[in-house]
Amino acid sequence: MAEQGEEDRQYQEYRRLEDCEEDSPPGEEEEEQLLLHVTEGPTGWTWGVHHPRRVSLTPPHIYQFHQRNGFACVLLSDVLELVQFLFVVTFSTFLLCCVDYDVLFATRPLNHSHVPERAKVALPDAVLPAPQCARRLRGSGWLLFLLVLAAAVWLCRLVTALRRLVGYWDIRSFYIRALGIPA
């Protein structure tokens, strides 16, 4: 009995929290609302008043901006991704159309008089002249279709990167003006 009284005294400090009826029931889908208390900066600018529904200011976007180390790193990363895609497509096309693999793998001898027949063959020895390379490229319908498809994919990636950069610029402004965190 004495133990029961002691336990009751311990639990008297704690109160049961009442269920909040403002929470939406599970299954109801609502847009995420980001609530922030932002004080006005020196110019009287507040984020929530002028831009209440910025998609780029959702917590996942802000976190991704932080994880990608800021706007300059995001910009450089996106530009290098686009350049990498162009390089892979261009180099693959070069290897498909502009290299004579029979010469490279020594199944056909070189026509150069200064190279012995058993000499080691390098890639520059097997590269076709530009007109012959262009003729092989124009002659392959599938390759032209794939290049047009790759160009369309690259343009979509460019538009996506530009849209993301606009969103990241908003987040950068939010960090600097509203939160007072320098770039």
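**Exercise 1.** Determine how helix H7 is oriented relative to helix H8 in this predicted model.

*Solution.* Helix H7 spans residues 130–139 and helix H8 spans residues 141–178; their axes lie 5 Å apart and form an angle of about 85 degrees. Angles of 65 to 115 degrees count as roughly perpendicular. H7 is therefore roughly perpendicular to H8. On the H7 side, the contact is made by Leu137, Arg138 and Gly139, and on the H8 side by Gly141, Leu143, Leu144 and Leu147. Sorted by class, the residues of this contact are four nonpolar, two polar and one charged.

**Exercise 2.** Determine how H4 is oriented relative to H8, and state the classes of the residues in their contact.

*Solution.* The two axes come within 9 Å and cross at roughly 175 degrees. An angle over 145 degrees counts as roughly antiparallel. H4 is therefore roughly antiparallel to H8. The contact of H4 with H8 has 19 nonpolar, five charged and one polar residues.

**Exercise 3.** Describe the chain over the transmembrane region listed by UniProt.

*Solution.* The unreviewed UniProt entry places this region at residues 142–162. Over residues 142–162 the model is 100% helix and 0% strand, and the end C-alpha atoms are 30 Å apart.

**Exercise 4.** Identify where the confidence of the model is highest and lowest.

*Solution.* The chain averages a pLDDT of 75, and 63% of the residues score at least 70. Among the elements, helix H4 (residues 71–97) has the highest mean, 94, and helix H2 (residues 47–50) the lowest, 44. Over residues 41–53 pLDDT stays under 50, and the model has 18 contacts beyond four places in sequence for this stretch. Where pLDDT is low, predicted coordinates should not be read in detail.

Technical notes
Residues are numbered from 1 along each chain as its sequence is written. This is a predicted model: local features need pLDDT of at least 70, side-chain atom pairs count only at pLDDT 80 or more; totals for chains, interfaces and linings use all residues. Side-chain values use heavy atoms; hydrogens and water are left out. UniProt positions are given in the numbering used here, feature names are shortened, and annotations may be inferred rather than shown by experiment. Helices (H or I, at least four residues) and strands (E, at least two) are DSSP runs, numbered from the N terminus. pLDDT is the predictor's confidence in each residue, from 0 to 100. Contact means heavy atoms within 4.5 Å. Axes are lines fitted to C-alpha atoms, for helices over the stretch in contact, and angles run from 0 to 180 degrees between N-to-C directions. Angles under 35 degrees count as roughly parallel, over 145 as roughly antiparallel, 65 to 115 as roughly perpendicular and the rest as oblique. Ala, Val, Leu, Ile, Met, Phe, Trp, Tyr, Cys and Pro count as nonpolar, Asp, Glu, Lys and Arg as charged, and the others, Gly among them, as polar.
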